[in-house]
Amino acid sequence: MSSSLPLPLERWFASRGWTPRRHQIDMLAAARAGDHALLVAPTGAGKTLAGFLPTITDLIEAPVEGLHTLYVSPLKALAVDVRRNLLTPIEEMGLPIRVETRTGDTPSDRKARQRARPPQILLTTPESLSLLLSYPDSFLLFSGLKTVIIDEVHAFASQKRGDLLNLSLSRLQAINPGLRRVALSATVADVDAYRAWLAPDGDINAVTPVIGEAGAEPNVAILIPEGRIPWSGHSGKYAAKQVMAEIERRATTLVFCNTRGLAELIFQELWSANEANLPIAIHHGSLSIDARRKVESAMAAGKLRGLVATASLDLGVDWGNVDCVIQMGAPKGSSRLLQRIGRANHRLDMSSEAILIPGNRFEYLEARAALDAVEEGERDADDFRPGSLDVLAQHVMGLACAAPFHQDDLLREIRSSTPYSALTDDAFANVLHFIEGGGYALRAYDRFKRLTQEEDGAWRVSHPRFVQQHRLNAGIIVDQPVLDVRFANGRKLGTVEEGFAATLRPGDSFFFSGMALEVVRIELTDLVVRATAKQARIPSWGGTRMAMSTRLADRVRHFLAESQEWHRFPEDVREWLEMQKHRSALPQPGQLLVETFPHEGRHYLVCYSFEGWNAHQSLGMLLTRRMDAQGLMPLGFVSNDYALAIYGMKPVTDPQSLFSADILDHEFIDWVEQSSLLKRAFRDVAVISGLIERQHPGKRKTGRQVTFSTDLIYDVLRKYEPGHMLLKAAWADARARMTDVGRLGDLIDRAGATMLHVPLDRVSPLAVPVLIIIGREQVAQAAAEDALLIEAEALVAQAMRPD
């Protein structure tokens, strides 16, 4: 069949002075052949239009009423943005095509109308799609569905949200076997892995790969500060004046930060340096919907000169007037950096401009590594794993809300989903047994008896209240317990986590949404505040830290070992590495350097593995337990992405014995079971699986109530049913997500084979950035900060002395 465009589309392209790109025509050809397709094309290459081109073509050539195309995005903001951009060509061509969004923010009356009279194109999120499938009318709603488009697929395919979406795709395919699947991304490293994830039954050959033309090379620079690159810190706040100068000389600049707390800090630093009083704003996931929408609208209208943002905006939102992207602190991965760089210009034929601002010397090496990876086209690999059982339990309950099912039929459907292709009969039976009554230890409680098996073998929901319960509580993202931040008049500014709120008292002040706020009172679910001019602190948010990718870590190790690369570095970074080489050693790629030395009455062990904060935190817990057992009297440890430092009362003379492989068999299991890690992981899987409700009709449970409930159930299951499905799911989460056990295992293996132990008489240059962290965690007072600065300067002087 021809891949030529219908006349209205040809005229529209011509009116814009455009010619369809090759990958856009290839996507249309794949659609006309009835093939599934994965498009990998750089930002600015017209990816979204390429995804929708077959849909618009089909609706021009064969107009239909009812749902034709479902577009799934990882972000609500992205769905809203795509609707705005998609409506432009549709309206300009005068096509009778309705495009609507459906997310958690969509009013309930519109949601009901969408099910009764759906648009031809519906833009949604994985969670909202899953909820649509829980209605009995879903079979009718999706019976004519032709295409599902998954945007920014790299952002969630290998995570739990990807598991949920893949299960939903299997149900949609069961409703309409002729359904076509399409995925779009700018940053996929392993195209075949994503083709397998996208395909029904994992049939990679059923998915046509479409690779877009390469765009103009990005113009990326590392900002060298006035003075010298700091020894410690990760915010880049020292460069606030220079960042503000970059904002002043451009129309619009996006400033990306890796965390919400860092975004609040950087906004305040920029505001203090904003002598020209330029309009700048802040955007992150804890701000209220109204606040985020207001900022997004101002940005789209070109009213902002600068916007400080987190990952809430590093996907797809199409603002063509962004001149430059600035990354504060280390980028953590080449794919993430490339995604963020792509937010500038949004033109394939123009170089995107970006500036990296490393927070310290190790971060300079990481930034240089990321820059090289981008230039060489290297992407970070994604780790696909078997689908999570807590997600499967939520999905099965959702399908039961739509209609009764037979076990064997549903299992076949589920196995057509690639993450669950190896699901065993026993594992599926355990999931059903869990939804049926909570499992053996909980079978006496009616509130856990959500499913019932009929005499004919069909499974159905036990009571209508469980249907309402499921729809109120479904979702994969389990936020930390939060309190709403409100003014006394009721206006909501956003949320802060309960843990941070617990540190506040009336009269305390903190920065939020770019403002200094004073606590008026603390209620059960609200933090009532007022604006203030008092000194304030930055809120803290929990959650797993983003680790430097393994590929960037490999590049940083290479930099350390290859001194011929050092001429590319600033003078102070070269001096640092040269003094380290002179006084101690620099590890070869694959080698684990461990230094031991005394300092101010304590004995230190520092290992440089570059395996990321999570793995180092886990290793610190394990090694201090082992050192305690050996009578070495450890006092504590600190870590960053690059190194782990342990300090104690006695010297470590044989570090090799501490790093033996059996530490993952003995101490690791004991530590995880006795720590709060497993309870935290259990809380998440209990919520996702539907065992614990987050919300009741008309009211929301507090975080304390949810945690109390899950802790009680956790203790019961540990005692009476240690093989329970949810405990296994919690263990899998704790190992993979919280402890990064894969990288921890690599670290232990490398220690056994390649450890280089260097005993020293005093601190080494390489140890300074991690040792400076000691004492900083709880510091809030300016006087204490000054004292720590003096201490850090003394530490640097010792380390950099050549004798």
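This is a predicted model: local features need pLDDT of at least 70, side-chain atom pairs count only at pLDDT 80 or more; totals for chains, interfaces and linings use all residues.

Student: OK. Which residue stands opposite Leu 123 in E4?
Tutor: Thr 101 does. Strand E3 (residues 99-102) is joined to E4 by four bridges, and the two run parallel. Tyr 71 also stands opposite Leu 123. Strand E2 (residues 69-72) pairs with E4 in the parallel sense, over four bridges.

Student: Which way do the side chains of E4 point?
Tutor: Ile 121 and Leu 123 point one way, Leu 122 and Thr 124 the other way. All are buried. Buried means under 20% relative accessible area, exposed over 50%, partly exposed in between (1.4 Å probe, protein chains only).

Student: What is the strand order in the open sheet of five?
Tutor: E18-E17-E21-E20-E19, with mixed pairing. Strand E18 (492-497) and strand E19 (509-512) stand at the edges. Each has a single partner strand, so one side of each is left without a neighbour in the sheet.

Student: How many bridges join E20 to E21?
Tutor: Five, between strand E20 (residues 515-522) and strand E21 (residues 526-531), which run antiparallel. Leu 517 has Ala 531 in E21 as its bridge partner.

Student: New topic: aromatics. How many aromatic pairs?
Tutor: The rule first. Rings of Phe, Tyr and Trp (its six-membered ring) pair if their centres lie within 6.5 Å; planes under 30 degrees apart count as stacked, over 60 as edge-to-face and the rest as tilted. By this rule the count is 19 aromatic pairs.

Student: Why is the pair Trp 231 and Trp 576 edge-to-face?
Tutor: Their ring centres are 6.4 Å apart and the planes stand at 85 degrees, so the pair is edge-to-face. Trp 231 is in the loop between strand E8 (219-222) and helix H10 (240-248), and Trp 576 is in helix H21 (residues 571-583).

Student: What sits over the ring of Tyr 135?
Tutor: The charged end of Arg 115, 3.8 Å from the ring centre. Arg 471 also lies over the face of Tyr 135, at 3.8 Å from the ring centre. The test: NZ of Lys or CZ of Arg is within 6 Å of the ring centre and within 35 degrees of the ring normal.

Student: Which residues touch the most other members in the largest nonpolar core?
Tutor: Phe 659 and Phe 682, in a core of 77 residues. Such a core is a set of buried Ala, Val, Leu, Ile, Met, Phe, Trp, Tyr and Cys residues joined through side-chain atoms within 4.5 Å. Apart from it lies another core, of 68 residues, including Val 556 and Leu 771.

Student: Last one: is Arg 412 buried or exposed?
Tutor: Exposed, because its relative accessibility is 56%. Arg 412 lies in helix H16 (residues 407-415).

How values were computed
Residues are numbered from 1 along each chain as its sequence is written. Side-chain values use heavy atoms; hydrogens and water are left out. Two strands pair if DSSP finds at least two bridges between them.
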